[in-house]
Each structure stands twice: as C-alpha cells, then as structure tokens.
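Thanks, everyone. I will go through one model today, moving from single residues to the chain interface. Please have a look at it first.

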Amino acid sequence: MSTAIDSTATSTPVVAEGPESGRARAKRGDTATGWAFAAPFAVLFVLFLVVPALYGLYLSFTGETLTGSGGELLGLANYTEALRDPDMWRSLGNTVWFTVLSTIPLVALSLAFALLVNLGLPGRWLWRLSFFLPYLLASTVVVMFWSWMYNPKLGLINGVLAELGVAPVAWLQDPNVAMISVVVTTLWWTIGFNFLLYLAALQTIPEQQFEAAAIDGAGKWRQLFSIVIPQLAPTTALIVTLQILASLKVFDQIYMLTNGGPAGSTRSIVQYIYESGFTGYRFGYSSAISYLFFAIIVLVSIAQYKLINRRSAS
Amino acid sequence: MSTYTLSRGIKQGHKPGENPWSVSRMVALLVLAFLAATWLVPFGWAVLTSLKTEADAGASKITLNPPGGFSFDAYRKVLSAGDIPAWAWNSLVTSVAITLITVATSALAGYAFSRIAFRGRRWLYAAIIAAIIIPPQLLIVPLFRQMLAFDLVDTYWGIILPQAFAPAMVLILKRFFDQIPVELEDAARVDGANRLRVFWSIVLPLSRPILAAVAIFVFIGAWNNFLWPFIVTTDADLMTLPVGLQTVKSAYGLQYAQNMASAILAALPLVVVFLFFQRQIIKGIATTGFGGQ
C-alpha cells in the first residue's frame with residue numbers, strides 16, 4: 001500500500017526512489033529486464049542474420065567450395081572476376097528488366113483494380129476474392145498452373161489461339177517471349193497484395209472531399225485525378241518501393257517456369273547466386289555476387305528514401 | 001457516410017442520390033466481371049483438368065466437356081501415392097513453429113524497445129532497422145554452411161530457425177506498443193506487478209489485433225516459402241509442400257490431371273482458411289503491409 005501512495009507522483013516509480021545509488025540500481029535493473037525481453041529475438045537475429053552476413057562477407061574474399069576446400073584468402077579476386085563475368089551482367093540485366101516490366105503493371109493495374117472494386121458495385125466480395133486469391137498460393141502451385149496454361153501443344157492459351165486461327169506461341173521456350181510470360185505469371189500471382197493496400201488506403205479518403213468537389217461541379221474523372229490519386233501518393237510511394245525491392249529479388253517463379261532459360265534469357269541474379277553456390281559449388285564466388293547485389297539494393301533503397309522524403313518535404 | 005470502407009455491405013454500395021443502374025456503372029461492372037473472370041481462369045482450368053481422365057487432359061483440343069467424363073481419379077491417385085499429406089504436415093509444423101516463435105520474440109523485443117530504457121537499446125534497435133534491408137535470399141550460402149556446422153541440414157529446426165525472426169515485425173509491434181498509454185501499465189506496476197506480468201496481462205490483451213495481423217502475415221509467408229526449405233532439405237520425408245511438389249512436378253511427366261490435382265490439393269488448405277477468415281486475413285495483410293515501410 002505504501003508503495004502505491006508514493007509512486008502516484010511519478011510514472012516511473014522505480015527511478016524515483018531517491019539517492020544516486022538507488023537510481024543506478026534501478027537503471028541496472030532496467031538493463032537486465034530490457035535485455036531479458038530482447039534476448040530471444042536478439043539471439044536469433046545474431047545467429048541467423050548478423051553471423052551469416054559477416055560470414056558471407058568473409059567467404060566472398062576466399063575460394064571456399066562446398067566441401068570446405070580452397071578456403072584460402074584470395075583478396076578481391078572473386079569481385080574482379082564477377083565484374084568481368086558476362087553471365088553475372090546478363091543475370092543482373094535480366095533482373096533489372098524484369099523489375100521494370102513487372103513494377104509498372106503491378107502498380108498501375110492494382111490501382112485500377114482497387115478503384116473499380118471501390119466503386120461499390122454489387123458482388124464486391126467476389127471481385128476482391130478473385131484478385132487476391134492467387135497471392136495466397138505457393139510459388140510452386142502458381143508455376144504448375146501456369147506451366148499448364150503455357151504448354152505449347154496442350155495449354156489453354158494456345159488452344160484458344162488455335163480456335164481463333166492464330167499460330168501457337170512458344171511462351172516459355174521463345175527467348176523473345178519468355179520474360180513476358182514470366183511477368184504475366186508474376187502479375188497474376190502478386191497483384192493481390194498491392195491491390196489490398198490500395199483498397200485499404202482508398203477508404204481513408206474523407207467523403208466530404210468528394211461532396212465538396214461535387215458541389216464545385218467536378219465530375220467523376222476530375223475527382224479521380226484531382227482528389228483520389230494525389231491522396232494516394234504516400235501509398236503509391238510505399239507500393240513502388242516494396243515492389244521494386246520484391247521484383248529485384250525474383251527467383252522462385254523464374255527458376256521453376258524456365259529455369260532461367262531459354263539460353264539464360266530469364267535468369268535472375270538470385271538464381272545466379274544460387275547456381276554459383278549450389279550447382280557450381282563455388283561458395284566464395286557466390287558470396288561475392290551476393291554482396292555486389294546487396295550494394296545495388298542499398299543504393300536503390302537510399303535513392304527511394306531520398307526521393308520520398310524530398311517529395312513529402314516539398 | 002461509409003461509402004469508402006472495406007467492409008461496407010452491397011446495399012449501401014452506391015451513393016443515395018445516384019442511379020444504381022446508370023450506364024457508366026453497368027460498363028464498370030462489365031469490366032470488373034471480365035477482369036475477375038480472367039483472374040480466375042488459371043484456377044478454373046486447373047480444376048477442370050484435374051477432374052478429367054488422363055487421356056482427355058492430354059488431348060490437344062481444348063474441351064469443357066470431355067468424352068471420358070469427370071471423376072476424382074486423379075486426386076485418389078495423388079493421395080494414395082502418399083507424399084502430399086506428409087508434406088502438408090511438414091509445412092504445418094514448420095509454419096506454426098515459425099509463426100509462434102516470430103510473434104513471441106518480436107512482441108517481447110518490441111515491448112522492450114517501446115518501454116524499457118535499457119543500456120544498448122539504441123544500437124540494437126538501429127541494427128535491427130538496418131537489417132530490414134538485407135534480403136534473406138542473399139544469405140543462403142553462409143546460412144547453409146552454418147546449418148552444416150550445426151548439423152541442422154535435413155531437420156525441422158534447420159527449416160524453422162532461419163525463418164523464425166523478422167526485424168520488420170519488431171518495428172511494427174514497437175510502434176503499436178508506443179501508442180498504448182503508459183498509465184495503464186503504471187497502475188499495475190504500482191501494485192507490484194513485474195514487467196512480465198504487466199506485459200502478459202495488460203499489454204498483450206490490448207494488442208490482439210496487431211498480434212493476429214503479424215501472425216497471419218508470417219504464417220502465409222512461411223507456408224509458401226520456397227527457397228530456404230528447398231536449400232536446407234534433401235530428404236523427401238522432411239520437405240514442405242512447395243518444395244516436395246517441385247520435386248515431383250516433373251516426375252508426373254505427361255499425367256496432367258494428376259499434376260493439376262496435386263497443385264489444387266496444395267493450394268486448398270490456405271484457400272479454405274482464407275474463405276473462413278477473409279476479413280481478418282485481409283485486414284492483417286493490409287496492416288502489416290503498411291507497417292512494414
């Protein structure tokens with residue numbers, strides 16, 4: 001009871017005990033408690049993120065292989081080799097190209113879908129379900145569905161084209177088409193996430209703004225461009241950021257749909273890292289490419305951060 | 001007026017003064033129906049194929065009305081082969097463990113960062129925020145070496161541990177705890193409750209929605225994750241559903257009906273869960289999606 005009385009005066013009763021020694025003891029107590037709370041996370045964080053990140057950096061300077069042989073320090077040899085490796089550049093180019101091709105429709109179409117669904121037409125739950133459902137599928141399932149859709153002889157797409165009298169397309173085997181096919185599959189699979197974020201953001205636009213605009217005589221399209229899209233700008237910035245970073249890390253669907261082919265035309269940088277490490281058994285070289293790619297991700301993140309901050313400042 | 005809320009009913013869909021059957025609304029409805037139908041085609045075609053006989057599934061002319069009729073033969077064959085239920089079990093065990101560990105450790109750490117002035121808090125927090133930028137895909141080689149050293153290759157723990165923490169979730173939970181008034185905790189602390197008691201009996205009950213959101217987000221990610229389980233398991237008995245399916249999808253060869261039946265079976269658990277908890281899942285993903293910036 002007495003403790004109840006003297007600590008109503010302050011919100012941190014332990015610190016309020018008085019003399020210097022008491023304060024120090026309280027602080028030490030807080031440090032112990034704080035670390036006890038943070039420890040379970042911190043242990044996993046250090047063991048499975050900090051340690052592999054540093055170990056990977058070390059490996060990138062060695063000739064380490066799967067068997068553990070050749071672990072001697074090589075200096076920057078892996079890095080200079082990577083920078084002269086045409087396959088590395090090709091994979092990097094594919095990754096950037098995939099990011100451009102996928103980000104644009106994944107942002108623009110998800111906004112269009114969200115705006116349409118948000119009109120309040122009948123059957124809303126069904127529209128939402130249709131666009132979001134693929135996001136819940138594992139990459140393997142997505143790839144099985146789409147390999148079947150793209151099947152050159154038996155697939156639905158070429159089947160429909162045949163009915164229309166159009167010649168069949170080698171969706172995954174033609175180097176000029178394969179990347180587009182991968183992007184279409186990715187669009188189908190992942191648009192639901194961006195769509196949900198836009199839909200949630202649309203609800204937060206105050207209704208009064210539309211009423212005011214309507215009184216001013218602004219039509220639906222005017223409202224869209226003068227109210228809705230500007231109000232969504234922070235959401236768009238977030239979605240573009242998340243999407244670019246997600247697209248840069250593409251691996252699953254490309255690896256399983258085309259295995260990076262035909263002739264390396266769809267191989268992504270993560271697949272090249274995977275192959276250098278786990279089929280080429282060159283752990284050191286693979287780690288060096290990982291770090292080169294990480295440098296790019298950091299640069300992209302910094303650029304986006306600056307762009308977003310500049311926009312919100314002005 | 002609730003015209004722009006996610007949960008609004010169909011009846012209040014249009015604004016009062018507006019003609020619900022105007023031409024422009026009909027056009028929008030047609031566009032929407034066309035897009036939704038397009039989005040459902042790969043599902044529908046997979047279901048249709050899985051219900052055909054192998055002979056009809058492999059016929060080169062597309063048909064909605066196969067001469068061999070429809071049956072569940074492909075499902076029966078796939079299930080009797082035995083691997084899919086085992087892989088689904090592996091996925092369930094590992095995803096549940098990953099979710100529980102991630103939510104528990106992130107909530108504890110998030111609370112510490114939000115409320116406790118402990119020494120080293122600043123640099124630990126800075127390190128965690130900086131780590132959000134590191135893509136797990138880039139750590140596969142050193143992590144695999146570590147798993148070899150720990151003797152965790154081809155074990156549940158080998159699949160679970162590297163996925164069982166998420167820096168972004170600590171951030172999301174810390175931000176949520178920041179908004180809970182400290183006064184609620186002070187009263188209990190005054191009565192002599194220690195930090196853990198306060199956390200357990202006051203903070204956690206107030207945080208149920210955000211904890212559910214984080215759990216849903218983490219679970220879906222873990223259930224569907226491919227690359228790490230693919231790297232750390234070679235034993236077919238320990239594979240998760242996405243990894244196991246990948247190993248057999250080529251083994252089915254020309255058996256397209258069975259191939260599609262196994263894909264549908266793998267998709268089913270999460271789709272069914274979604275149909276039951278649609279609102280919570282959508283809310284959870286939107287919340288974590290926005291919090292993860």
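I start with A:Phe132, which counts as buried because its relative accessible area is 0%; buried means under 20% relative accessible area, exposed over 50%, and partly exposed in between, with a 1.4 Å probe and protein chains only. Before going on, a note on conventions: this is a predicted model, where local features need pLDDT of at least 70, side-chain atom pairs count only at pLDDT 80 or more, and totals for chains, interfaces and linings use all residues. Residues are numbered from 1 along each chain as its sequence is written, chains are lettered from A and ligands numbered from 1 in the order in which they are written, and side-chain values use heavy atoms, leaving out hydrogens and water.

Now the rings. Over all chains there are 41 aromatic pairs, a pair being rings of Phe, Tyr or Trp (its six-membered ring) with centres within 6.5 Å; planes under 30 degrees apart are stacked, over 60 edge-to-face, and the rest tilted. One of them joins A:Phe45 and B:Phe165 edge-to-face, at 6.5 Å centre to centre and 85° between the planes. That pair crosses between chains, from helix α2 (residues 20-59) of chain A to the loop between α7 (156-160) and α8 (167-178) of chain B; helices are DSSP runs of H or I of at least four residues, numbered from the N terminus. Both A:Phe45 and B:Phe165 are buried. A:Phe132 pairs with A:Tyr135 in a tilted arrangement, 5.6 Å centre to centre with 40° between the planes. Ring pairs also link a cluster with members from both chains, including A:Phe251, A:Tyr274, B:Phe144 and B:Phe230.

Next, B:Ala57, in helix α2 (residues 54-57) of chain B. Is this residue buried or exposed? B:Ala57 is buried, because its relative accessibility is 3%. Leaving aside residues up to four places away in sequence, B:Ala57 touches A:Trp148, B:Thr49, B:Lys52, B:Tyr256 and B:Ala257, where contact means heavy atoms within 4.5 Å.

Last, the interface as a whole. In chain B, 108 residues are in contact with 106 residues of chain A. The two chains bury about 10000 Å² between them, 77% of it on carbon and sulfur atoms; this is the accessible area (1.4 Å probe) lost on being put together, summed over both. How many salt bridges are there between chain B and chain A? The count is 1: A:Glu64 meets B:Arg145 at 2.3 Å, N to O, the criterion being a side-chain nitrogen of Lys or Arg within 4 Å of a carboxyl oxygen of Asp or Glu.

Methods
Helices (H or I, at least four residues) and strands (E, at least two) are DSSP runs, numbered from the N terminus.
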